[in-house]
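Me: I have a structure open and want to learn how to read it. Can we go through it feature by feature?

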Amino acid sequence: MTLPADLPVVDHHCHLSPGGEGVAAARRFERAGGTHLFVTTHNWNHRPLRTVEDYRVQFEEMEALTRHVRAETHLGTSLVIAPYPVDLLRLSEDLGLGPAGEVHAQALDLAGRWVAEHRAVALGEVGRPHFPVPPEVARLVESILEHAFEVARDQSCPVVVHSEDLSSEGYAELADLARRVGLPTERVVKHYARSRQSQERRAGVTPSFLARRELVRDVLPDPAPWFLETDFLDDLGRPGAVLDIATVPKRAAWIAREQPDLVERLRIPFVESVTRVYGFQPEGPAGRPT
Ligand SMILES: [Zn+2]
């Protein structure tokens with residue numbers, strides 16, 4: 001069985017870099033049967049950005065790259081932007097905690113304005129480092145995370161959170177923060193989810209699952225909303241560090257082949273969840289190779 005002709009195939013979280021494979025990676029995604037990429041900024045410079053202006057430049061480079069992807073392919077793209085959270089640590093060593101926090105808060109405000117102008121669809125990635133940090137740094141990280149949630153609330157957009165793999169307590173904690181700020185929990189997206197937590201254990205937070213074969217099979221029966229992603233890094237120095245960008249379409253084709261009765265379940269991550277969490281419907285394939 002092949003995929004239904006009207007089914008979009010969406011990677012909900014990947015990165016593209018101006019100095020990486022870039023458009024060629026997007027072409028590989030398209031050739032494998034993909035139709036829509038959520039492209040998230042990250043820091044490809046390997047040095048901390050120091051000013052809001054630096055972030056504006058980074059966002060614009062990202063926007064130019066996705067424009068290029070759309071010109072060269074039939075893909076749809078959605079931009080997700082924020083100051084990369086791990087950069088806050090190095091920046092606070094350079095500038096001090098207060099000024100570093102100010103740069104990140106203002107960069108989040110800038111990202112919020114881009115959402116308001118429909119140049120981006122969500123804030124991300126935001127979150128916590130996945131390694132221990134001193135308590136005063138942890139407090140700053142938390143206050144910046146809370147600010148990100150506030151900006152998302154004000155723009156009525158999702159916020160894509162980077163964190164360690166979450167237990168039910170971890171999901172509950174994110175949901176608490178969302179409730180405290182007044183952001184609907186469903187708009188909090190936990191990206192790079194590597195294990196299935198049942199819907200009851202996710203506290204209303206939306207998971208974006210890494211598209212590993214076993215995990216896809218596990219989560220397919222779950223009700224919306226949830227996504228599939230690769231977290232493709234587009235870093236030529238670290239090939240194979242994460243899943244390849246062609247993975248989500250390959251998994252979709254695999255489901256069609258091996259479990260054709262479950263193919264319609266793919267509308268949950270590719271259509272229903274996008275509509276529910278982001279408020280738009282990704283287009284079906286325009287140029288999918290047959
Ligand atoms: Zn990522």
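Me: Does H68 count as buried, partly exposed or exposed?

Reply: First, a caution: this is a predicted model. Now count neighbours. A residue is buried if 20 or more other C-beta atoms lie within 10 Å of its own, and exposed if 12 or fewer. H68 has 16 C-beta neighbours inside 10 Å, so it counts as partly exposed. You will find H68 in helix α2, residues 52-72. The C-alpha atoms of H68 and G22 are separated by 9.2 Å, and these residues are 46 apart along the chain.

Me: Next, the sheet. How many strands form it, and in what order?

Reply: The general idea: strands of a sheet pair through backbone hydrogen bonds, either parallel or antiparallel. Here eight strands form an open sheet. The order is β1-β2-β3-β4-β5-β6-β7-β8, and the pairing is parallel.

Me: Which are the edge strands?

Reply: They are β1 (10-14) and β8 (227-229), and each pairs on one side only. Look at the twist too. From one strand to the next it averages 25°.

Me: Over how many bridges do β1 and β2 pair?

Reply: Three bridges link β1 to strand β2 (residues 36-40), in the parallel sense. Find D11 and look across to β2: L37 stands opposite. Then find C14, whose bridge partner in β2 is V39.

Me: How many residues of β1 and β2 are buried?

Reply: Take β1: five of its five residues are buried, and the strand is mostly covered. In β2, five of the five residues are buried, so this strand is largely enclosed by the rest of the structure.

Me: Which residues of β2 point one way, and which the other?

Reply: In a regular strand the side chains alternate between the two faces of the sheet. In β2, H36, F38 and T40 point one way. L37 and V39 point the other way. All of them are buried.

Me: What about β4 and β5? Over how many bridges do they pair?

Reply: Four bridges, again in the parallel sense, join strand β4 (residues 122-127) and strand β5 (residues 159-162). Within this pair, G124 stands opposite V160 in β5. Helix α5 packs on the sheet here and touches β4 and β5. The direction of α5 makes about 165° with that of β4.

Me: Now helices. At what angle do α3 and α4 cross?

Reply: Two packed helices are described by the angle between their axes and the distance between the axes. Helix α3 (residues 87-95) and helix α4 (residues 97-116) have axes that come within 7 Å and cross at roughly 135°. That angle makes α3 oblique to α4. The crossing is right-handed.

Me: Which residues meet there?

Reply: From α3, look for L88, L91, S92 and L95. They meet L97, P99, A100, V103 and H104 in α4. By class, the residues of this contact of α3 with α4 divide into seven nonpolar, two polar and no charged.

Me: How do α4 and α5 cross?

Reply: The axes of α4 and helix α5 (residues 135-155) come within 10 Å and cross at roughly 20°. That makes α4 roughly parallel to α5. The crossing of α4 and α5 is right-handed. Residues of α4 in the contact include L97, H104, L108 and V115. Among those from α5 are L140, I144, H147 and V151. The contact of α4 with α5 has nine nonpolar, six polar and three charged residues.

Me: What is phi of A203, and of D234?

Reply: Phi of A203 is near 55°, a positive value in a residue other than glycine. A203 lies in the loop between β6 (188-193) and β7 (206-210). It has 21 C-beta neighbours inside 10 Å, so A203 counts as buried. Phi of D234 is near 50°, again positive. D234 lies in the loop between β8 and α8 (247-258). With 24 C-beta neighbours inside 10 Å, D234 counts as buried.

How values were computed:
Residues numbered from 1 in each chain as written. Predicted model: local features only at pLDDT ≥ 70, side-chain atom pairs only at ≥ 80, totals over all residues. Axes fitted to C-alpha atoms, helices over the stretch in contact; angles between N-to-C directions. Helix = DSSP H or I, 4+ residues; strand = E, 2+ residues; numbered from the N terminus. Parallel < 35°, antiparallel > 145°, perpendicular 65-115°, else oblique. Left-handed = near helix turned anticlockwise from the far one by under 90°. Contact = placed C-beta atoms within 7 Å. Nonpolar A, V, L, I, M, F, W, Y, C, P; charged D, E, K, R; others polar. Pairing = 2+ DSSP bridges.
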